[in-house]
Amino acid sequence: RYNCPEGVLQCEEGDLAAFSAGELEGLRNGVDENYTDLISQNGAIQNHQLGIVGGGANTRFAISGNYLSEKGVTIGQGFLRRGATGSIDHNSGRFTARLSANVVNSLRDVNRGDGTWGEALSISPLAPAHDENGDPLAFNTPWDAQMWNPLVDTEHRTNEQLRTRTFGNAYAGYELFDGITLRTVFGADLSVRRDAVFLGALTDD
């Protein structure tokens, strides 16, 4: 409880009752960190697509590719996706054939997730975020071991989700008689998942 003599808004006795020794040191040194601002950054999105189609009277083909990159508004977070599609169709008399394939690869950097904002909102603004060299300062809240510098936590952890999917099909048909066609179809769908998590010694986990 902050108690000062009547009519006095700020006094040393009140500071000693309301703040820990570490917070008082930060207060006297003019520390006033905005941690939500420190964990924020300007986001950016890049999206590129390219396609080519061609062919002749009996054979047609199409090829396309796409690239998507997202830089998150929270430090340490982002998303990357790449994909390609190809197909070819052929007709010759009674014979028809088609081959198509798709490949999609994505990488999501989750890092601390929403926990980064939880740390930024809970840590005291009187705790210095950086040391004298400008590096994120670990153990900057000795008065509260449950508080953690989100800049240090983000820098020393990795949480990535890699996804790759490849699928396609092949088709061939031959018209034996009018209205009667022999067909064969083959399809495949392959998915690969990999989650990579690394927690350094200076994370809060």
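Tutor: R98 counts as partly exposed at 34% relative accessibility, where partly exposed lies between buried, under 20% relative accessible area, and exposed, over 50% (1.4 Å probe, protein chains only). This is a predicted model, in which local features need pLDDT of at least 70 and side-chain atom pairs count only at pLDDT 80 or more, while totals for chains, interfaces and linings use all residues. Residues are numbered from 1 along each chain as its sequence is written, and side-chain values use heavy atoms, with hydrogens and water left out.

Student: With which residue does R98 form a salt bridge?

Tutor: A salt bridge requires a side-chain nitrogen of Lys or Arg within 4 Å of a carboxyl oxygen of Asp or Glu. The closest N and O atoms of the pair are 2.6 Å apart.

Student: In what order do the strands of the open sheet of six lie?

Tutor: Strands here are DSSP runs of E with at least two residues, and helices are runs of H or I with at least four, both numbered from the N terminus. Two strands pair if DSSP finds at least two bridges between them. β1 (44-55) and β6 (180-199) each have a single partner strand, so one side of each is left without a neighbour in the sheet. The pairing is antiparallel and the order is β1-β2-β3-β4-β5-β6.

Student: Where do the buried residues of helix α4 lie around its axis?

Tutor: Helix α4 spans residues 115-122, and its buried residues are T116, E119 and A120. Seen down the axis, these fall within an arc of 95 degrees, the arc being that of the directions from the helix axis to the C-beta atoms. They pack against α3 (35-38) and α5 (150-155). The buried residues of α4 therefore line one face of the helix.

Student: Which residues are linked with R112 in a network of salt bridges?

Tutor: R112 is partly exposed, with a relative accessible area of 24%, and its side chain meets that of E119 at 3.6 Å, N to O. R112 also forms a salt bridge with D153, the closest N and O atoms being 3.0 Å apart. D153 lies in helix α5 and R112 in the loop between β4 (95-109) and α4, so the pair ties together parts that are 41 residues apart in sequence. The residues linked with R112 are E119, D153, R157 and D204.

Student: Is D153 buried or exposed?

Tutor: The relative accessible area of D153 is 0%. D153 is buried.

Student: Which residues make up the largest nonpolar core?

Tutor: A nonpolar core is a set of buried Ala, Val, Leu, Ile, Met, Phe, Trp, Tyr and Cys residues joined through side-chain atoms within 4.5 Å. Contact means heavy atoms within 4.5 Å; leaving aside neighbours within four places in sequence, the contacts of Y35 include A120, I123, A127 and A129. The nine residues of the core are Y35, I39, I75, A120, I123, A127, A129, M147 and L151.

Student: How far apart in space are L126 and S87, C-alpha to C-alpha?

Tutor: L126 is found in the loop between α4 and α5 and counts as buried at 11% relative accessibility. L126 and S87 are 39 residues apart in sequence. Their C-alpha to C-alpha separation in space is 61 Å.
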